[in-house]
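Hello,

I am passing a structure on to you, and I would be glad if you kept it open while you read.

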Amino acid sequence: MAIAVEMPKMSDTMEEGVLAAWLKEEGQPIAAGDVVAQVETDKATMDLEVYDDGVLLKRVIGEGDAVPIGGLIAILGKEGEDISAILAKYQGGGAAPAPAAAPAAVEEAPAAVAEAPAAAPAASDDSRVKASPLARKLAADHGVNLAGLAGSGPEGRIVKRDVEAAMGGASAPAAASAPAPAAAPAPAETPRPAVQAPAAPVTVPGGTYDAVRISQMRKTIARRLAESKFTNPHFYLTADIDMSEAVAFRGKLNEKAEANGLAKVSFNDLVTKACALGLRQHPWVNASWMEAEGEIRLHHDVHVAIAVAIEDGLVTPVIRNADRKGLSQLAAETRSLAERARNRELQPEDWSGSTFSTSNLGMFGIDEFTAIINPPNACILAIGSIRDVPVVKNGVVVPGKQMKVTLSCDHRVVDGATGAEFLKTVRGYLEDPVTMLL
Amino acid sequence: MAILQFREALRAAMTEEMLRDDRVFLMGEEVAEYNGAYKVSEGMLEQFGPKRIIDTPISENGFCGLGVGAAMSGLRPIIEFMTFNFSFVAIDQIINNAAKIRYMSGGQFSVPIVFRGANGAAGQLAATHNTSTESIYSTIPGLIVIAPSNPDDAKGLLKSAIRNDNPVIFLESEVMFGMKGEVSDEPDYLIPIGKARIAKEGTDVTIVAHSKSYHIAMRVAERLDAQGYSAEVIDPRTIRPLDIDTIVESIKKTNRCVIIDESNPYASISSEITFQIQDRAFDYLDAPIKRITAKDVPAPYAKNLIEYYMPQEEDAYRACLSVMYAK
């Protein structure tokens, strides 16, 4: 019996995967546990192992193709075995192989009024027209072309009210005069854009551009951050922190660290530690708004996510129990996570479960900025650069080292005073860093 | 119209039928001397004497078999289970004898028997005393299953059940016995078996719910009304045969359906209703059918857990909003 290899769910948030690279050829013998391909998910590029012995009979999708979880990737079996049954089984689903099907469907559509787009489930994952049974029937009865409608239901499902809205507009006169099919062709077909276009230069009137395939990571960033920014009522609190003590403290610390063969501590590590200790004292900042559950969660553990820029995106690996870790350990873990993030080696457990996040653009000379909250966190701290500026101390202008941080707060959980008190605690630790060791 | 408790409505139905037909008798644990574990049969021993109101030992398999034999021999027994959880020790008599003898004898015998008593969860009674049995019994061809939600239906349907020539599973509830409601005092008040009741008319979503869940449905419908939505509530009353026509007609109007059912969800009443709706009204559905059921675990004992285990009004309310694509 030939065996289907399906797209596995490799992370909690993954919805589809892109086949990044094939590592085995068709016709090659495979043993259970072999890595046959690499798959790019929304978070990382991961190895695709198979669980059976056999010959790789067919690579169903090409490099760069996306399939949803459960979609067909490859077929294993005995040499020469018939695989048409498996291919047929998956044909209707998300993973139909030939992108060529799409234009054909567009040409056929005007002929058979409303049902045509549905009958031809075209190439890429989401091009099937999703409509409720009632919406389909209404559309068929009234000659409304479903392919031209935007669905207002979940995942773009076209529901009764969408068809009714379309009927109320364009097709009302059609019922009176001409038979239904006449209504269809005219407004119908603006060809759907090919989302999965390859990165090739395109010429349009007025200029050229490169069309870059939207990666899984960019899709996830887009979805999560848009959701956060548009649903969490953000407000921002900025504090200017005197870092002169911290600079001296770090100097001393790193002398000792170096002498003892320990990881050197960065300013970012000091901020992580200060935040972690502050979160312990301010449980409402270490919290999550859980809309579906109807509750606010005050987390018992302090897990700080740190935004790490990587090629074509960013990830947020998590330092677990950051409040209970020493500075040198924090430093070593942060270094290791960032390194693995850049090499795309993070595993789901490395980026899940944060209760708070930080983002640091100080190394780019950014004085201050605001960050978008990383859901389901209630807050994120945006860290700017340490600036040499004149400050007034005891009535005298002296050289100072100042750092601006901006806390983005989800007002559903954190009020102004709550956020301000947390920032005051963080500032207290950074301005007198020895207190972090107490 | 008299205001009666649920238990009084049941008693009125049994009393009237026993006065009308001397072949009817009541048998079960504590039904006679103790006046019924839940006082459903209070005073009936005094009125009808020990030949027709019969206390049994704790021996469900025995007295159910006795009831089936009596029914085959021309009597019309009412068998009371203290709770339907105890019917499981007599399930062979119910499923293999009561339900099948008419079929297997080619119609030579009929089994006019009513098995009645408390069904479903009733608070902190733990896993073995909290089972909803309607999906178990309604899967058996040959059984009629009735689960009324109010005293009036209880009376009218129990009288019809006693007069029916087939075995009837009549499901009541510990927590509803004290519930009061208007009950018809027509002398021959019979509600037809297999006929649903449209408890509230509406246009935007159909809520189907029987027995205790019906009361959740009515509260949800009220909340929806307050929000400007119009919910239709249907109480099937009879689980088998199911009045699917009334449900389908409603869905043709509302295009959406939420089922509240305190059975465990797997292969339950809600599964069956959902199947029948999609089979008969597919083209009228504007949203997937949703159901709110007990959780898919044995009923827990702890107070907070048994409350969580049961169908939640809030979940039902949200399910209604979601099938209307509201919010």
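Below is a short tour, going from the chains as a whole to single elements.

First, some housekeeping. This is a predicted model, in which local features need pLDDT of at least 70 and side-chain atom pairs count only at pLDDT 80 or more, while totals for chains, interfaces and linings use all residues. Residues are numbered from 1 along each chain as its sequence is written, and chains are lettered from A and ligands numbered from 1 in the order in which they are written.

**Chain A in outline**

Chain A holds 12 helices and 20 strands. Helices (H or I, at least four residues) and strands (E, at least two) are DSSP runs, numbered from the N terminus. Of its 438 residues, 35% are buried. Buried means that 20 or more other C-beta atoms lie within 10 Å of the residue's own; with 12 or fewer a residue is exposed, in between it is partly exposed, and C-beta atoms are placed from the backbone. Among the contacts in chain A with a separation of 6 or more, 62% are between residues 24 or more positions apart. A contact here means C-beta atoms, placed from the backbone, within 7 Å.

**The sheet in chain A**

Six strands of chain A make an open sheet with mixed pairing, in the order β11-β20-β19-β18-β14-β17. Strands pair if DSSP finds at least two bridges between them. At the edges are β11 (234–242) and β17 (318–319), each pairing on one side only. β11(A) is joined to β20(A) (residues 396–410) by 9 bridges, and these two run antiparallel. One place to look is A:Ile241, whose bridge partner in β20(A) is A:Met403.

β18(A) pairs in the parallel sense with β14(A) (residues 304–306) over 3 bridges, and A:Ala305 has A:Ser357 as its bridge partner. β18(A) also runs parallel to β19(A) (residues 379–393), with 4 bridges between them; there A:Asn360 stands opposite A:Ile383.

**Helix packing in chain A**

Two packed helices are described by the angle between their axes and the distance between the axes. Helix α9(A) (residues 267–281) packs with α12(A) (residues 416–431) at about 135 degrees, the axes being 9 Å apart. Axes are lines fitted to C-alpha atoms, for helices over the stretch in contact, and angles run from 0 to 180 degrees between N-to-C directions. The two helices are therefore oblique to each other: angles under 35 degrees count as roughly parallel, over 145 as roughly antiparallel, 65 to 115 as roughly perpendicular and the rest as oblique. Residues of α9(A) that meet α12(A) include A:Leu270, A:Val271 and A:Ala274, and their counterparts include A:Phe422 and A:Tyr429. The residues of this contact are 9 nonpolar, 3 polar and no charged. In this count Ala, Val, Leu, Ile, Met, Phe, Trp, Tyr, Cys and Pro are nonpolar, Asp, Glu, Lys and Arg are charged, and the others, Gly among them, are polar.

α9(A) also packs with α10(A) (residues 327–342), at about 115 degrees and with the axes 9 Å apart. Here A:Asp269, A:Thr272 and A:Lys273 meet A:Leu327, A:Leu330, A:Ala331 and A:Thr334, a contact of 3 nonpolar, 2 polar and 2 charged residues.

**Chain B**

Chain B has an open sheet of 5 strands with mixed pairing, ordered β9-β11-β10-β13-β14. β9 (197–200) and β14 (290–293) stand at its edges with a single partner strand each, so one side of each is left without a neighbour in the sheet. From one strand to the next, the twist averages 25 degrees.

B:Leu10 counts as buried because it has 26 C-beta neighbours inside 10 Å. Leaving out residues up to four places away in sequence, it touches B:Val40, B:Ala154, B:Leu158 and B:Glu172.

**Where the chains meet**

Finally, 8 residues of chain B are in contact with 9 residues of chain A. On the chain B side, these are 5 nonpolar, 1 polar and 2 charged.

Best wishes, and happy browsing!

Notes: Contact = placed C-beta atoms within 7 Å.
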